[in-house]
Amino acid sequence: MPTTAIRPEIEEIVAKIDELRPQLVAGGREGDQNRRIPAEVFDAVAATGAFSISAPTKFGGLAANTREAHAVARAIGRGDGSLAWVDGILDSGAWVLSLMDERAQHDVWGGEGGLDNFISIVLATTSDATPVEGGYRVTGKWGYGTGSMHATWSLLGIPLKNERGDIVDAGLALIPTADLSYEDNWFVAGMKSTASVMQIADDVFVPEHRIFPLTAAVEGGYLSENPEASYDTIFVPSLFMKLVGPHLGMGRAALDFVIAKAESKAIAYTGYEKQADSAIFQSAVAKAAVQLNAAEAVAAQVADQIFEATERGYYAPYAERIEMRAKAGWVVETVTNLINELITAHGSAGFAESSVLQRIWRDQATAARHGHTLSASGYEAYGKVLFGREDDARFVLPIV
């Protein structure tokens, strides 16, 4: 399989984020304490163009492919995992909007603010939507509104009904955040500064062109005519792979931190004045490095598989998508395990509130429980596929 190139424009954004890393680390500590990403840190990353890479080129975006999205989110995650997670969500929102009716895209990017109008996204249909002339009236509450505090628009899951009121599909409604209220219920162990609050709609009208049916989208039934290949990729895998980059960044940050401290940190109750002199410590770090390199390689392989298929007009069937889902879960699980091993190798100092390592550990462990990349369900569904039980696999993961 050919390797998808990361374009110079994306590499330039990554380089700018790398230069900001000390600010991201410091801002991550402040954000963790205040449960909000510091405005100056968010704005500094926004100024690099990071949050708009998946917008279409006609609006000034870069129509980023999955590997490019990984590169940007990974770079942010090496400084602050919470901010990287927000990036993954806003990047997802921009990509999904690019698949929608052209009028919806112009509503967001065609006027004042342009690409600085960011879009958060929650797929869960925890709402009610009543068909009315010209659209829907939507009432509901959506949990885990990651990125919504920085967004001017939100894509929110709704049930789609026929004229009799029967639910016939699920969809996403594009709603200005000015039309929404929120409940600050995000009190969590990790990812604190994502401010993933509850979003609330009370009888909000959403015009028909801002509705995106999901059943068709899962099989590639997109509404836009954007010519870039990024908008021909498979729907759900393209979304869950956008959440892998933050994990890779946090894993690399943990490895870099532990290695950097090893020449000056002793191993308590042993004769080692430097951790780096211990064969057991060296082995633990080596194992973590190999695991991380493998996780990055598998993530890149899946990203290339997704993008390469567009060149031959191929839309992967369910069984292949399930394999991608299982691999994404393995990547996340592997990063979780190697960070656990690294914090054990580093020692109890890593759990001090002043240590960045404990924040990486908490943030990644929290993000690892996201249902889109949970390894257990991915393994179960893929195992059923391997044994020719695709119908059973669809019971476990019906939408992939």
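This is a predicted model: local features need pLDDT of at least 70, side-chain atom pairs count only at pLDDT 80 or more; totals for chains, interfaces and linings use all residues.
Q: How far from the ring centre of Phe 187 does Arg 35 lie?
A: This is another arginine over an aromatic face, with Phe 187 supplying the ring. The distance from Arg 35 to the ring centre is 4.0 Å.

Q: Are the planes of Phe 212 and Phe 235 stacked, edge-to-face or tilted?
A: The structure holds 10 aromatic pairs. For Phe 212 and Phe 235, the ring centres are 6.0 Å apart and the planes sit at 55°. Stacked needs under 30 degrees and edge-to-face needs over 60, so this pair is tilted.

Q: Phe 212 and Phe 235 tie together parts of the chain that are how many residues apart in sequence?
A: Both residues are buried. Phe 212 lies in strand E8 and Phe 235 in helix H8, so the parts they tie together are apart in sequence by 23 residues.

Q: Is Tyr 269 buried or exposed?
A: Tyr 269 sits in the loop between helix H9 and helix H10, and has a positive phi of about 65° although it is not a glycine. Its relative accessibility is 87%, so Tyr 269 counts as exposed.

Q: And is Met 191 buried or exposed?
A: Met 191 is in the loop between strand E6 and strand E7, with a positive phi of about 55°. Its relative accessibility is 2%, so Met 191 counts as buried.

Technical notes:
Residues are numbered from 1 along each chain as its sequence is written. Side-chain values use heavy atoms; hydrogens and water are left out. Rings of Phe, Tyr and Trp (its six-membered ring) pair if their centres lie within 6.5 Å; planes under 30 degrees apart count as stacked, over 60 as edge-to-face and the rest as tilted. Helices (H or I, at least four residues) and strands (E, at least two) are DSSP runs, numbered from the N terminus. Buried means under 20% relative accessible area, exposed over 50%, partly exposed in between (1.4 Å probe, protein chains only). A charge sits over a ring if NZ of Lys or CZ of Arg is within 6 Å of the ring centre and within 35 degrees of the ring normal.
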